[in-house]
Amino acid sequence: MGPADLVIEVRGLRKAYGPVVAVDGLDLEMTRGEVLALLGPNGAGKTTTVEILEGYRRRDSGHARVLGEDPQHAGAAWRARRGVVLQSCDDVVDLTVRECVHHFSHFYPAPAQPDEVIERVGLGAKRDARIRSLSGGQRRRLDVALGIVGQPELLFLDEPTTGFDPEARRGFWDLVRDLAGEGTSILLTTHYLEEAEALASRVAVISGGRLVDMGPPGELGGRHDRPAEVSWLGPDGWQRTSTHEPTRLVVQLQAAFGGEVPGLTVRRPSLEDIYLELIGAAGAEGGGAPAEGSPARRRTAPAGPPARARVGAAAKAPAEAPAEAPAGGEP
Ligand SMILES: Nc1ncnc2c1ncn2[C@@H]1O[C@H](COP(=O)(O)OP(=O)(O)OP(=O)(O)O)[C@@H](O)[C@H]1O
Ligand SMILES: [Mg+2]
């Protein structure tokens, strides 16, 4: 793997907000075409990291390259190559869905067809609805639409499915898989472990602003080498045992029972089991207040290359702008 294959390269990344160290020497690499999920407790530094990589926030120190450039200094052409879905957005509430997606499409040199994007995120029936009338999950779908309308090479999704109903979540997973299949590299944060398992080629667990472990979901924390837990209903009640050779045990049980083994289950540790173990071992309490409770969260909307040239943006100034605005970037 040469450097050209890396869409994200981060070494020793550090960012503090006053006394709060949000990112504390993070190392991370992401390969072109990969879907990488960032996992970690509230306050672990995921959003801060993602915002630095998006070019929205300045780092204090460390090395960062995204699509071959330093996100802090990259210009409009670079911004058009990445798409952004922020953790929380206030939308352009008086526009219709269609007007909004069309509006944002104009910021990109090679946008997708806005009406197709609206269909793709499952908002076809709401295309003429005002944004203020959308439900929480529908608004989130609109955020996703704004993130992908520019046909980005690299898509950042910060908790994209929070508030989605289960069916919408599955629909979104299909969309992410399609985008990945088309060659889009995707950096995703999520608190849904099954989402990471379903989508990610690799997951990175961060805690206290540091990388705890990284690997394919099936191998994280040596998951594939862990013993299986076999349980069954024996003559004296429920039995449970842990073994590296579950097949052999099941065959023995089958012989002992003369056929079907009552209540048989064979369970390997889930990604959630491993995640909780890693986070516990890292001694994590998250290092700070949940991001949602932080008064200084940036709550403004998306996504286009002129990152803050969005309708209504003037009403909601980003928490740390202009100090955090990319050099030479935004107004
Ligand atoms: N704009 C800000 N000003 C001050 N402190 C901040 C700001 N943004 C984040 N923090 C703090 O930095 C730390 C990391 O926050 P961050 O939002 O990056 O975490 P996160 O991993 O995204 O959490 P969550 O899972 O809750 O979204 C937290 O302690 C948070 O309170
Ligand atoms: Mg966050």
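**Reading the backbone, the sheet and the confidence**

Tutor: With 19 C-beta neighbours inside 10 Å, L67 counts as partly exposed. The cut-offs are these: a residue is buried with 20 or more other C-beta atoms within 10 Å of its own, exposed with 12 or fewer, and partly exposed in between, the C-beta atoms being placed from the backbone. This is a predicted model, in which local features need pLDDT of at least 70, side-chain atom pairs count only at pLDDT 80 or more, and totals for chains, interfaces and linings use all residues. Residues are numbered from 1 along each chain as its sequence is written, and chains are lettered from A and ligands numbered from 1 in the order in which they are written.

Student: Is E159 buried or exposed?

Tutor: E159 is buried, with 21 other C-beta atoms within 10 Å. Phi of E159 is also positive, near 50°, and E159 sits in the loop between strand 6 (154-158) and helix 6 (166-181).

Student: Which residues does L154 contact beyond its neighbours within four places in sequence?

Tutor: Contact means C-beta atoms, placed from the backbone, within 7 Å. On that basis L154 meets V7, L67, R81, R82 and S185. L154 belongs to strand 6 and is buried, with 20 C-beta neighbours inside 10 Å.

Student: In what order do the strands of the open sheet run?

Tutor: Strands of a sheet pair through backbone hydrogen bonds, either parallel or antiparallel. Here pairing requires at least two bridges found by DSSP. The six strands run 5-6-7-3-8-9, with mixed pairing. Strand 5 and strand 9 (210-215) are at the edges with a single partner strand each, so one side of each has no neighbour in the sheet. Strand 3 and strand 7 (residues 185-189) pair in the parallel sense over four bridges, and V35 stands opposite I186 in strand 7.

Student: Where does pLDDT stay under 50?

Tutor: pLDDT is the predictor's confidence in each residue, from 0 to 100. The value stays under 50 over residues 284-331. The chain averages 84, and 82% of the residues score at least 70.

Notes: Helices (H or I, at least four residues) and strands (E, at least two) are DSSP runs, numbered from the N terminus. Two residues are in contact if their C-beta atoms, placed from the backbone, lie within 7 Å.
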